[in-house]
Amino acid sequence: MDSRFLRAEELGIRLEIVKGLPIWEAQPIYRHQKAIDRIRETIKPVSESTGGCIHIADVYISFPDGSLKRPDISVFCREPAEEDEAITLVPEAVIEVISKGYEARDLEIGPHFYLSQGVKDVVVFDPYTLLVLHVRRDRAERLLSPVELRLECGCRCVV
C-alpha cells in the first residue's frame with residue numbers, strides 16, 4: 001500500500017483516488033460509525049441457498065480502473081483473497097453513510113463511479129434526513145429509513 005495513504009491515516013484523514021483525482025475526508029464522527037455498525041448487524045442472506053454475505057467496513061478497494069476507495073460498507077459473495085493489501089475483488093454492493101459536508105461526493109460522484117466499476121447495488125444513507133438512495137443500473141429509488149433492501153447478490157439489509 002502506498003505510504004501516502006498510511007501517513008494520511010495517521011493525520012486522521014481518509015484518502016482515496018477516484019479516476020486519478022485524490023479525494024480526502026476527515027475521519028467519520030460517532031453518528032456515522034453508529035449507523036455503519038447498525039446496518040452491518042442486519043446484513044444477512046435472503047435464503048439458505050444464497051452464498052455468503054461477507055461485509056467489511058472501511059477497507060481499501062482497488063477498482064478495475066485503478067481507483068482506490070474506502071466504502072463505508074462493502075458486501076461480497078465470497079471472502080476476498082487479499083488480507084495485507086487493497087482488495088481487488090469488486091464488491092457486489094456498497095453502502096455509504098453521508099457525513100456532513102460530503103453529501104455531493106456520496107450522492108453525485110459515488111453511485112455513478114461504483115456502477116461503472118461493476119458494483120450491482122449502491123446504497124447511500126443520510127443519517128440526518130433518513131433518506132436512503134438505492135441505485136442499480138436500471139433504476140434508482142429514494143426511500144425513507146428504516147427500510148429493508150434486497151440486494152442483487154442475494155443479501156438483505158435494513159438501512
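In which loop is Asp 58 found? In this predicted model, Asp 58 belongs to the loop between strand E4 (54-57) and strand E5 (61-62). The legends below begin with the chain as a whole and then turn to close-up views.

**Figure 1. Overview of the predicted protein chain.** The chain contains three helices and 13 strands. Of its 159 residues, 48% are buried. Among contacts with a separation of 6 or more, 50% are made by residues 24 or more positions apart. The accessible surface amounts to about 8200 Å², and carbon and sulfur atoms contribute 54% of that surface.

**Figure 2. An open sheet of six strands.** The strands follow the order E4-E7-E8-E9-E10-E11, and their pairing is mixed. From one strand to the next, the twist averages 15°.

**Figure 3. The pairing of E8 with E9, and the helices that accompany the sheet.** Strand E8 (residues 93-97) and E9 run parallel and are joined by five bridges. Within this pairing, Glu 96 has Val 124 in E9 as its bridge partner. Helix H2 (residues 30-42) packs on the sheet, where it touches E4, strand E7 (73-76), E8 and E9. The direction of H2 makes about 150° with that of E8. Helix H3 lies across E8, E9 and E10, and runs at about 165° to E9.

**Figure 4. An aromatic cluster formed by Phe 63, Phe 113 and Tyr 114.** The structure holds three aromatic pairs. In one of them, the ring centres of Phe 63 and Phe 113 are 5.2 Å apart and the planes stand at 80°, so this pair is edge-to-face. The two residues come from distant parts of the chain, 50 residues apart: Phe 63 is in the loop between E5 and strand E6 (68-69), whereas Phe 113 is in helix H3 (residues 103-116). Phe 63 is buried, with a relative accessible area of 2%, and Phe 113 is likewise buried at 2% relative accessibility. The rings of Phe 113 and Tyr 114 have centres 5.5 Å apart and planes at 65°, so they too form an edge-to-face pair. Tyr 114 is buried, its relative accessible area being 1%.

**Figure 5. Charged side chains over tyrosine rings.** Arg 70 lies over the face of Tyr 60, at 4.9 Å from the ring centre. Lys 100 is placed over the face of Tyr 128, at 4.1 Å from the ring centre.

Figure 6. Most residues other than glycine have a negative phi, and most peptide bonds are trans. Asp 58, which is not a glycine, has a positive phi near 50°. This residue, in the loop between E4 and E5, counts as partly exposed because its relative accessibility is 29%. Leu 130, also a residue other than glycine, has a positive phi of about 70°. Leu 130 is located in the loop between strand E9 (121-125) and strand E10 (131-136), and its relative accessibility of 36% makes it partly exposed. A cis peptide bond joins Ser 145 and Pro 146, with omega at about 5°. Pro 146 is part of the loop between strand E11 (139-144) and strand E12 (148-150).

Definitions and conventions: Residues are numbered from 1 along each chain as its sequence is written. Side-chain values use heavy atoms; hydrogens and water are left out. Helices (H or I, at least four residues) and strands (E, at least two) are DSSP runs, numbered from the N terminus. Buried means under 20% relative accessible area, exposed over 50%, partly exposed in between (1.4 Å probe, protein chains only). Contact means heavy atoms within 4.5 Å. Accessible areas come from the Shrake-Rupley method with a 1.4 Å probe; for residues, only the protein chains shown count as cover. Rings of Phe, Tyr and Trp (its six-membered ring) pair if their centres lie within 6.5 Å; planes under 30 degrees apart count as stacked, over 60 as edge-to-face and the rest as tilted. A charge sits over a ring if NZ of Lys or CZ of Arg is within 6 Å of the ring centre and within 35 degrees of the ring normal. Two strands pair if DSSP finds at least two bridges between them. Axes are lines fitted to C-alpha atoms, for helices over the stretch in contact, and angles run from 0 to 180 degrees between N-to-C directions.
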